[in-house]
Amino acid sequence: MPPGDLVKTLCGMEFPKDTNVIVGMDALDDAGVYRINDQLAIIQTVDFFTPIVDDPYWFGQIAAANALSDIYAMSGIPKTAMNLVAFPLNKMDISLEEDVKDWEASVNKLTEERKQKRNQNNEGLRSDIEGIDRLLETFSACINCHNCMRVCPICYCRQCHFDSDNMKFSFDDYLTRAEARGGLTIPNDTLLFHIGRMLHMSLSCVSCGMCEDACPMAIPVAQVFTLVGDRNQEAFDYIPGRSLDEPLPLKTFEEEEFLEVEQSYTGVSARQENHND
Ligand code: SF4
Ligand code: SF4
């Protein structure tokens, strides 16, 4: 039901008040949010779809994607889901058991296909974005609208530094910077914004693709974040959402981690010292 009709239907109804309701009926948002404690809130949403395509398999996929997107839209992580399916058994010749077996096999097949596609995509993308010049080229069409940041379900800063007054410079300031560097790209500091967001996001990126869907310039922003996210999450053996008790790796420090970085740095320093001698 569209929000306008919903308002007409529900107007005049009294809803109980509860201070733990963070997002309630008055917000007409994608889902309701109820505070469990200071760290945890539960997001609730129910969707009911009448068939929009003929194939039940694709209908289920579309309905599930649409329903789950309400949770992501509220910055949540889906943990459980309940499917309600209505079959007109007196009119349909249907074997539910067979369908469930087919469904499981189809999901496994699709998961495998997607993994392979993702690996192939990462391989192709790697050569396109590696190095600062190629990364700059990838984001060269960016108009700094920051849509990608606004739709991201994981972006967590209450006030983005790049939207704050700290990033609003006077004309003289731009001129001074342009003179010092011999030129200035406009929009300014684009790559800094994306690298800054990547630094915040890469361990938590869930590859939902929303940033890319929201990009008016068709920049493969989700693919770039997925590639960087996969590499960083693998390096720390971290899977976002695996456990609420697992701290973000950037909040912890283990003495033995990344010895290879230290070793390669030591190698570079030794080479430099030999060269200086
Ligand atoms: S793909 Fe990653 S960076 Fe992009 S919106 Fe989803 S979680 Fe955020
Ligand atoms: S949505 Fe696209 S154009 Fe807008 S800031 Fe993000 S990458 Fe740039």
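Me: Hi! Is glutamate 123 buried or exposed, and why?

Reply: Glutamate 123 counts as exposed because it has 10 C-beta neighbours inside 10 Å, and the cut-off for exposed is 12 or fewer. Keep in mind that this is a predicted model.

Me: Thanks! Where does glutamate 123 sit?

Reply: You'll find glutamate 123 in helix H3, which covers residues 96-129.

Me: Switching to the ligands: which residues are closest to ligand 1?

Reply: Cys152, Cys205, Cys208, Cys211 and Ala222 are the closest, out of 14 residues surrounding ligand 1. H8 and H9 are the elements that give two or more residues to this shell.

Me: And what's the class make-up of that shell around ligand 1?

Reply: The ligand 1 shell has 12 nonpolar residues, two polar ones and no charged ones.

Me: How many residues surround ligand 2?

Reply: Ligand 2 has 13 residues around it, with Cys142, Cys145, Asn147, Cys148 and Cys215 the closest. By class, 10 are nonpolar, three are polar and none is charged.

Me: Okay, new topic. Which residues have the most contacts inside the largest nonpolar core?

Reply: Those are Cys148, Cys152, Met201, Cys211, Val221, Val224 and Phe225, in a core of 15 residues. Helices H5 (147-151), H8 (210-213) and H9 (221-235) each supply at least two of the core's residues. H9 gives the largest share, six residues.

Me: What does valine 224 touch?

Reply: Leaving aside residues up to four places away in sequence, valine 224 touches Leu125, Ile129 and Thr138.

Notes:
Residues numbered from 1 in each chain as written. Chains lettered and ligands numbered in written order. Predicted model: local features only at pLDDT ≥ 70, side-chain atom pairs only at ≥ 80, totals over all residues. Near = placed C-beta within 6 Å. Nonpolar A, V, L, I, M, F, W, Y, C, P; charged D, E, K, R; others polar. Core = buried A, V, L, I, M, F, W, Y, C linked by C-beta atoms within 7 Å. Buried ≥ 20, exposed ≤ 12 C-beta atoms within 10 Å, placed from the backbone. Helix = DSSP H or I, 4+ residues; strand = E, 2+ residues; numbered from the N terminus. Contact = placed C-beta atoms within 7 Å.
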